[in-house]
Amino acid sequence: MRTLAIDPARLCGWAWGDGKTIESGVWDIAERTAKHPGQRLVRLRTLLRASHEGVGFDLLAAEDASFGSRNPKTQASHNELRGIISLVAAECQVPLLLFHPTAIKKFATGSGKAEKAQIVRACKTIFGI
């Protein structure tokens, strides 16, 4: 199964895998010269659709990032990105799985309160990425 996983944010992390190959990277979806703040949403949609048309994916997974912030503006921004991810999943007719950040941390490290450095170490040690 080809899976595209997204960590939605201004610097949007992504990983694509098909069970044999894993590719990953970061998309900077905030264009500093954009005349409209919604351009980041258009950019994310464009990148997700291009991924589906390019390498393809049968499943779209994302961190349900709005839980991670107490700042209402950041939370609203994450919810907008989550909406775009959901829209693209529907357009591409693929399932969408949303994961709470603590579930991801617990899976990778055994602790839902793990720090970013522990997550990075787990990715390198367990997954070789």
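Residues are numbered from 1 along each chain as its sequence is written, and side-chain values use heavy atoms, with hydrogens and water left out. Because the model is predicted, local features need pLDDT of at least 70 and side-chain atom pairs count only at pLDDT 80 or more, whereas totals for chains, interfaces and linings use all residues.

The protein chain contains four helices and five strands, where helices (H or I, at least four residues) and strands (E, at least two) are DSSP runs numbered from the N terminus. Read from the N terminus, these elements follow the order β-β-β-α-β-α-β-α-α. The radius of gyration of the protein chain, taken over C-alpha atoms, is 15 Å, close to the 14 Å given for 129 residues by the globule rule (2.2 Å times the number of residues to the power 0.38), so the chain is as compact as a globular protein of that length. Along the principal axes, the C-alpha atoms of the protein chain fill a box of roughly 40 × 35 × 25 Å. Of the 129 residues, 31% count as buried, a class defined by a relative accessible area under 20%, with exposed set at over 50% and partly exposed in between (1.4 Å probe, protein chains only).

Pockets were identified on a 1 Å grid over the protein atoms alone, a pocket being an open set of points where a 1.4 Å probe fits, with protein on both sides within 12 Å along at least five of seven lines, and lining residues having an atom within 4 Å of a point. Grid points are joined across faces, edges and corners, and a volume is the space filled by probe spheres set on the points. The largest pocket holds about 1500 Å³ of space. Its lining comprises 36 residues, of which A5, A15, I104, I119 and C123 lie nearest the centre of the pocket. Two or more lining residues are given by each of β1 (3–7), β2 (11–17), β3 (22–28), β4 (59–63), β5 (96–99), α3 (101–109) and α4 (116–127). By class, this lining has 24 nonpolar, five polar and seven charged residues, with Ala, Val, Leu, Ile, Met, Phe, Trp, Tyr, Cys and Pro counted as nonpolar, Asp, Glu, Lys and Arg as charged, and the others, Gly among them, as polar.

The second largest pocket has a volume of about 210 Å³. It is lined by 14 residues, and R10, I29, A30, R40 and S77 are the closest to its centre. Helices α1 (39–54) and α2 (72–92) are the elements that give two or more residues to this lining, and the largest share, four residues, comes from α2. The lining of the second largest pocket divides into six nonpolar, five polar and three charged residues.

Helix α2 also contains I85, which is buried, with a relative accessible area of 1%. The C-alpha atom of I85 is separated by 10 Å from that of E63, the two residues being 22 residues apart along the chain. Just after α4, G128 takes a positive phi of about 70°.

A search of the whole structure finds zero disulfides, a disulfide being a pair of cysteine sulfur atoms within 2.5 Å. The sulfur of C92 is 15 Å from the closest cysteine sulfur, in C12, which is too far for a bond. C12 is buried, with a relative accessible area of 0%, and C92 is also buried, with a relative accessible area of 11%.
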